[in-house]
Amino acid sequence: MPLLDALTGTLEGAAMGIWPICLVIIAAIFTYNLTVHTKHMDLIKRMLTSVSRDKRILILIIAWGFGGFMEGMAGFGTAVAIPASILCGLGINPIFAATVCLVANATPTAFGSIGIPTITAASVSGLDPGSVAVAVVLQLAVLVILTPFLMMIMTGGSIKGLKGIGLITLLSGLGFILPEYLTAKFVGAELPVVIGSVCSMVVTILSAKLLKRKEDPEYILEGLNDSELTKKEPLGLKKAVTAWLPFLLILVFLLVTSSLVPAIHDPLASVKSSVQIYTGAGAAPYTFTWLATPGVLIFLAALIGGKAQGASWGEIGMVLKDTLIQMSKTVLTIVSVLATAKVMGYSGMISDIAALIVAVTGSFYPLVAPLIGSIGTFVTGSATSSSVLFTGLQVQTAHTLGMNDVWLAAANTVGSTAGKIISPQSIAIAVAATGTVGKESKILNGSIKYFILFIVLYGVIAFTGLRFI
């Protein structure tokens, strides 16, 4: 690779790392920090613990349900950053909070940011997005049901973590996958995770209330005897809405400015600048979208929500300054990772790795098709980038081997969700959100076994599923 191309590829990756990825992560952490500063996070804790003081229930609601929702709406690390921050605020061990949110964030990634990874996979391969979406959900189904169980086992340190909560855990998984499948089949690729996560949260909360049992002292969160959390008088609708307002505004802003509302999305998306950065073959201008990007919308939601919660502009500025200092090492890490990923992609390193796997495996290729997708996400931190890099290869291989192209295109997207668990970018976000910078290796050690489990099961599902389609 010519030196100039390597340098400009690095610069393009750094630009992508800053805008939109670091922007959205800083915005998410800023939103959380501002809510903590105004003391409204205490009210959110109180509302959450009114459902249950059992940390297993709260982890299902926050890391699994709410995290899935944030992934479906915004992506770009918000599904790890915000839930992990809230869990830490509830008194959960920061390293555990980071790890459990990384595992919970895996399967929703396929339909993150209003379905972009799956839609992109269909687009670059010339396949029908609806068909690819259905195939993705079918391949994810086992892990969507299994992930809540894994999270409970992680919480308890062994299978004993499921004691007394097995049915609620099962309902939490089923409450996610069934709406996700129906949405993919009858609506399209944009909303499966958004609908699935909302339904899962509702099902988890209702089942926790209706199947109420004696609380297990082993899993009651420490520190929840604080007077603010144990007050019996009702908060009132106004206080509750004010506490949640920044997060509600994130939902509203992301939804109304998404491609689902073209009358608003299209004018905002037209405010952009395209710059030719990379100088090598196949170069395309890099586009900075200035308004219709999650980071800008989340910042706007934080500012409005912070003012509604009583923060002065001076306080908001102070919290933003502290957030930027808190995130500085994370920004450097993410920019470096994206710069490396761009050079690897442009120089052909990643495609050569994938081509070698194809050549070695032959007819057993579907067993490793998800692994190829996971490599793309591991390197770039983005399931969408993995779709761009490898879906064409998957479809071409399917034609060569006489296999179903939709199924293998879906296998790439499914595999990319596993790569998210151990992606350096994701881990950098997790440590920033939980204040554990310097403990990246501990989080990687805790999460890598789940990556291996996911990728093995995905491979078996991709391979055996071809016999039934």
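This is a predicted model: local features need pLDDT of at least 70, side-chain atom pairs count only at pLDDT 80 or more; totals for chains, interfaces and linings use all residues.
Okay, let's start with confidence: pLDDT, the predictor's confidence in each residue from 0 to 100, averages 86 over the chain, and 96% of the residues score at least 70. Residues are numbered from 1 along each chain as its sequence is written, and side-chain values use heavy atoms, with hydrogens and water left out.

Helices here are DSSP runs (H or I, at least four residues), numbered from the N terminus. Over residues 225-230 the pLDDT is below 50, and that stretch has 12 contacts in the model beyond near neighbours in sequence; contact means heavy atoms within 4.5 Å.

Now helix 8, residues 166-186. Its 21 residues reach 30 Å from first C-alpha to last, close to the 30 Å expected, which is 1.5 Å times one less than the number of residues. Buried residues here include I168, F176 and P179, where buried means under 20% relative accessible area (1.4 Å probe, protein chains only). Their cover includes helix 3 (55-73), helix 7 (129-156) and helix 9 (192-210). After helix 8 comes G188, with a positive phi near 140°.

Last one: P246, in helix 11, residues 237-256. Is P246 buried or exposed? Buried, with a relative accessible area of 1%. Leaving out residues up to four places away in sequence, P246 touches T31, T35, A301, G305 and Q309.

How values were computed
Helices (H or I, at least four residues) and strands (E, at least two) are DSSP runs, numbered from the N terminus. Buried means under 20% relative accessible area, exposed over 50%, partly exposed in between (1.4 Å probe, protein chains only).
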